[in-house]
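Biologist: Walk me through this one, and tell me what stands behind each term you use.

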Amino acid sequence: MQENMMTLADGRKLGFWEYGDKQGVPVFLFHGTPGSRIWFLKDDDIANTLGIRFIATDRPGYGLSDQKSIVVFSTGQPI
């Protein structure tokens, strides 16, 4: 298991965690809201056994991920 951060094109940070076999077939895990990249900690052994690389992200504004700006449509300015 490994916790990671990446910078998106707009400069925001995205937190994610990789579980299972690093060389395995990549499978992205999309949880509901609220939720977190750590919901799948218990699946690390299963993913390793099956040869799967799980990748789970934090949604914007949760965990390690930065919030996405809200744009006011009448002005086009972020708030």
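**Hairpin, sheet and salt bridges**

Modeller: Let's start at the hairpin of β1 and β2: there are 5 residues between the strands, and glycine 11 has a positive phi near 95°. Keep in mind that this is a predicted model, where local features need pLDDT of at least 70 and side-chain atom pairs count only at pLDDT 80 or more, while totals for chains, interfaces and linings use all residues. Numbering runs from 1 along each chain as its sequence is written, and side-chain values use heavy atoms, with hydrogens and water left out.

Biologist: What makes something a strand or a helix here?

Modeller: Both are DSSP runs, numbered from the N terminus: strands are E with at least two residues, helices H or I with at least four. On that basis the chain has 1 helix and 4 strands, in the pattern β-β-β-α-β along the sequence.

Biologist: How do you know that β1 pairs with β2?

Modeller: Pairing takes at least two DSSP bridges between two strands. β1 and β2 (residues 13-20) have 6 and run antiparallel, so they count as a pair. Within it, glutamate 3 sits opposite tryptophan 17.

Biologist: And how many bridges join β3 to β4?

Modeller: There are 5, linking β3 to β4 (residues 52-57) in parallel; valine 27, for instance, has phenylalanine 54 as its bridge partner in β4. The 4 strands form an open sheet with mixed pairing, in the order β1-β2-β4-β3.

Biologist: Why do β1 and β3 stand at the edges?

Modeller: β1 (2-7) and β3 (25-29) each have a single partner strand, so one side of each lacks a neighbour in the sheet.

Biologist: Why does threonine 57 count as buried?

Modeller: Buried means under 20% relative accessible area, exposed means over 50%, and partly exposed is in between (1.4 Å probe, protein chains only). Threonine 57 comes in at 17%, so it counts as buried. This residue lies in β4. If you skip neighbours within four places in sequence, threonine 57 has contacts (heavy atoms within 4.5 Å) that include Leu14, Phe16, Leu29 and His31. Across the chain, buried residues make up 33% of the 79.

Biologist: What about glutamate 18: buried or exposed?

Modeller: Its relative accessible area is 9%, so glutamate 18 is buried. The residue belongs to β2.

Biologist: What makes the link between glutamate 18 and arginine 53 a salt bridge?

Modeller: The rule wants a side-chain nitrogen of Lys or Arg within 4 Å of a carboxyl oxygen of Asp or Glu. Arginine 53 itself is partly exposed, at 24%.

Biologist: How far apart are the closest N and O atoms of glutamate 18 and lysine 22?

Modeller: They are 3.9 Å apart, so that pair still falls within the 4 Å cut-off. Lysine 22 is partly exposed, with a relative accessible area of 37%. Together, Glu18, Lys22 and Arg53 are linked in a salt-bridge network.

Biologist: How many salt bridges does the structure hold?

Modeller: It holds 3. One of them brings together the side chains of arginine 12 and aspartate 10, at 2.7 Å from N to O. Arginine 12 is buried, at 16%.
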